[in-house]
Amino acid sequence: MVRDLFILALLITFFMARLISYAFHDRKNYGTPFDMSKTFTGILRRRTGFDLHHYHFGILIILLGSVLYYFFNGNFLLIFLAVGTSLFLDQADFLITLDREYFKTGYFRINSLVFSSFIHLILVLSIFFFV
């Protein structure tokens with residue numbers, strides 16, 4: 001039951017992150033001063049000037065969820081960890097290649113989607129068969 005909850009939260013987050021990114025990003029001006037993306041990270045980039053992406057929030061959610069799980073140990077926190085893990089893994093291809101041009105168009109390329117799907121699939125299968 002807990003395993004299934006984690007996997008479900010992981011996959012829902014992956015699909016929602018991709019859908020929201022594809023629907024609300026200004027892909028024409030992405031990565032330029034004229035970027036008018038309507039996502040949470042796009043709004044924060046414009047207001048703060050920091051180059052924030054959803055893998056940053058994934059790391060923060062994983063860290064916060066880990067600390068809270070140590071003290072409270074509940075199913076809600078496993079969902080928290082699944083959301084953070086999915087947000088982080090969704091942009092793992094950038095972290096592997098460290099390609100600065102990735103953020104201009106790379107996230108919206110098919111190879112990024114395939115790589116991220118593959119990483120999520122490996123994690124799901126690992127959890128399913130070994131936990």
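How many salt bridges does the structure hold? In this predicted model, there are two. One of them joins the side chains of arginine 18 and aspartate 90, with an N to O distance of 2.8 Å. This pair links distant parts of the chain, the two residues being 72 residues apart. Arginine 18 belongs to helix α1 (residues 2–24) and aspartate 90 to helix α4 (residues 75–90). Both arginine 18 and aspartate 90 are buried.

The other salt bridge is formed by aspartate 4 and arginine 3, whose closest N and O atoms are 3.8 Å apart.

The largest nonpolar core comprises nine residues: Phe6, Ile7, Ala9, Leu10, Leu78, Leu81, Ala82, Val124 and Ile127. Helices α1, α4 and α7 are the elements that give two or more residues to this core. The greatest contribution comes from α1, with four residues. In soluble globular proteins, nonpolar side chains tend to be buried together. Among the core residues is isoleucine 7; when its neighbours within four places in sequence are left aside, isoleucine 7 is in contact with Val124, Ile127 and Phe128.

Phe128 also belongs to a nonpolar patch on the surface, together with Phe118, Leu121, Ile122, Leu125, Phe129, Phe130 and Val131. The accessible area of these residues together is about 890 Å². Isoleucine 122, one of the patch residues, is located in helix α7 (residues 110–130).

Helix α2 spans residues 40–48, and its residues Thr41, Gly42 and Arg45 are buried. Viewed down the axis of α2, the buried residues fall within an arc of 105 degrees and therefore line one face of the helix. These buried residues pack against α3 (54–72). Phe40 and Arg47, on the other side of α2, are exposed. Glycine 49 follows α2 and has a positive phi, near 85 degrees.

How values were computed:
Residues are numbered from 1 along each chain as its sequence is written. This is a predicted model: local features need pLDDT of at least 70, side-chain atom pairs count only at pLDDT 80 or more; totals for chains, interfaces and linings use all residues. Side-chain values use heavy atoms; hydrogens and water are left out. Buried means under 20% relative accessible area, exposed over 50%, partly exposed in between (1.4 Å probe, protein chains only). The arc is that of the directions from the helix axis to the C-beta atoms. Contact means heavy atoms within 4.5 Å. Patches are made of residues with over 30% relative accessible area and no salt bridge: like charges are joined within 9 Å, nonpolar side chains (Val, Leu, Ile, Met, Phe, Trp, Tyr) within 5 Å. Accessible areas come from the Shrake-Rupley method with a 1.4 Å probe; for residues, only the protein chains shown count as cover. A salt bridge is a side-chain nitrogen of Lys or Arg within 4 Å of a carboxyl oxygen of Asp or Glu. A nonpolar core is a set of buried Ala, Val, Leu, Ile, Met, Phe, Trp, Tyr and Cys residues joined through side-chain atoms within 4.5 Å.
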